[in-house]
Amino acid sequence: MACVSDESWVALPKMLSDRLSLPEDDRRDDDDDDDDDQPGFFRSESTAYRLEKVFPVYALGIPKPESDPVGLASVSGDPIWDAVREEAKLEAEKEPILSSFLYASILAHDCLEHALGFVLANRLQNPTLLATQLMDIFYDVMLHDRDIQRSVRLDVQAFKDRDPACLSYCSALLYLKGYHSLQVHRVAHSLWNQGRKVLALALQSRISEVFGVDIHPAAKIGEGILLDHGTGVVIGETAVVGNRVSLMHGVTLGGTGKGIGDRHPKVGDGALIGASVTVLGNIKIGRGAMIAAGSLVLKDVPPHRCYQRFFRKCSVKAVCGLQRETDLLYRPEVYNFINHVHSYAAYADAEAEHMTLLSKLYQKIEEVKRVNQEVEDSEA
């Protein structure tokens with residue numbers, strides 16, 4: 001992998017202004033003279049197109065154009081990668097103790113895919129799955145998949161734009177586990193589609209162990225995604241997440257446990273799903289919808305609708321009472337008794353105290369259903 005010399009470092013704003021201000025003839029002459037020192041960005045004839053098209057796509061969240069403006073790994077002149085390197089160089093100057101880490105992670109690489117693969121491999125390695133093996137996997141997939149190359153850049157821009165805690169492109173690439181887990185999933189999804197399902201599941205397992213994010217390799221996830229914090233996010237096998245979606249920590253896109261086949265939620269473009277939201281079943285979250293934190297979603301949410309859980313109209317006492325009753329389900333004797341009831345053979349022999357407890361639980365469930373129906377009727 002190519003190293004970047006000190007002489008080739010140019011501030012990104014100056015580099016952009018110099019490129020755009022040069023006349024056509026001078027630019028052609030400069031290209032000939034600096035062929036060895038500054039390849040790629042200053043030679044590229046489509047730089048003005050990239051600058052005009054790439055940043056509006058990232059910043060405004062509009063759908064991708066038919067012609068892909070994002071530079072490939074084999075082509076220099078990638079504004080995102082240039083910004084990452086510039087930020088890493090500045091950080092190395094401010095924090096010399098991190099200079100070796102920043103050089104190994106970013107400055108020693110010649111493209112964003114190489115740097116990302118290096119970072120991910122070193123975070124996911126274990127004694128039996130070596131970093132060198134993981135780097136080979138990541139490089140092989142990312143360098144041959146234009147969709148992943150574009151998504152990697154759109155995702156890092158989403159973090160920079162929509163996460164107030166994200167200080168820079170460089171910090172997202174190096175430290176944010178939501179970004180890391182998302183990019184490893186993209187590689188695992190590609191492997192899954194290639195039929196390499198065992199390897200894809202191995203990567204899913206490592207994502208879950210290291211980052212606390214569990215995304216099935218078959219799940220389809222769009223571009224420009226923000227996984228803020230990432231901790232506790234669970235996305236099921238048949239789930240589909242559109243473009244420019246923001247998912248906070250603790251979000252579950254799961255099944256009800258009763259269905260087979262296509263059984264997971266479908267999230268429309270531009271949706272925002274708050275912290276600890278649970279969405280269950282093959283239901284649709286409309287385009288631009290907002291789901292309030294802590295909501296339980298069991299039915300379709302229309303586009304551009306703000307959805308809140310029904311508990312907002314329940315008293316605190318009722319909610320706490322429901323929690324206490326529900327906690328009883330975790331007692332082994334209650335759990336075992338309910339299993340017996342399901343088999344119905346031992347129903348007649350159930351102890352009276354278990355019957356009383358089960359009756360209370362069923363009453364509480366009916367109460368919750370009634371309150372939920374009242375809220376739905378009032379919103380209609």
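This is a predicted model: local features need pLDDT of at least 70, side-chain atom pairs count only at pLDDT 80 or more; totals for chains, interfaces and linings use all residues.
Residues are numbered from 1 along each chain as its sequence is written, and side-chain values use heavy atoms, with hydrogens and water left out. Local features need pLDDT of at least 70 and side-chain atom pairs count only at pLDDT 80 or more, whereas totals for chains, interfaces and linings use all residues.

The protein chain holds 14 helices and 14 strands; helices (H or I, at least four residues) and strands (E, at least two) are DSSP runs, numbered from the N terminus. Of its 380 residues, 46% are buried, that is, under 20% relative accessible area with a 1.4 Å probe, protein chains only. The accessible surface, by the Shrake-Rupley method with a 1.4 Å probe, is about 19700 Å², and 55% of it belongs to carbon and sulfur atoms. Among contacts (heavy atoms within 4.5 Å) with a separation of 6 or more, 50% join residues 24 or more positions apart.

Five strands form an open sheet in the order β3-β6-β9-β12-β14, with parallel pairing; two strands pair if DSSP finds at least two bridges between them. Because β3 and β14 each have a single partner strand, one side of each is left without a neighbour in the sheet.

| Strand | Residues |
|---|---|
| β3 | 226-227 |
| β6 | 246-247 |
| β9 | 272-273 |
| β14 | 306-307 |

Strands β6 and β9 pair over 2 bridges, with Ser246 opposite Leu272 in β9.

Leu129 lies in the loop between α6 (112-124) and α7 (131-142). Beyond its neighbours within four places in sequence, Leu129 contacts Leu134 and Arg206.

Notes:
Buried means under 20% relative accessible area, exposed over 50%, partly exposed in between (1.4 Å probe, protein chains only).
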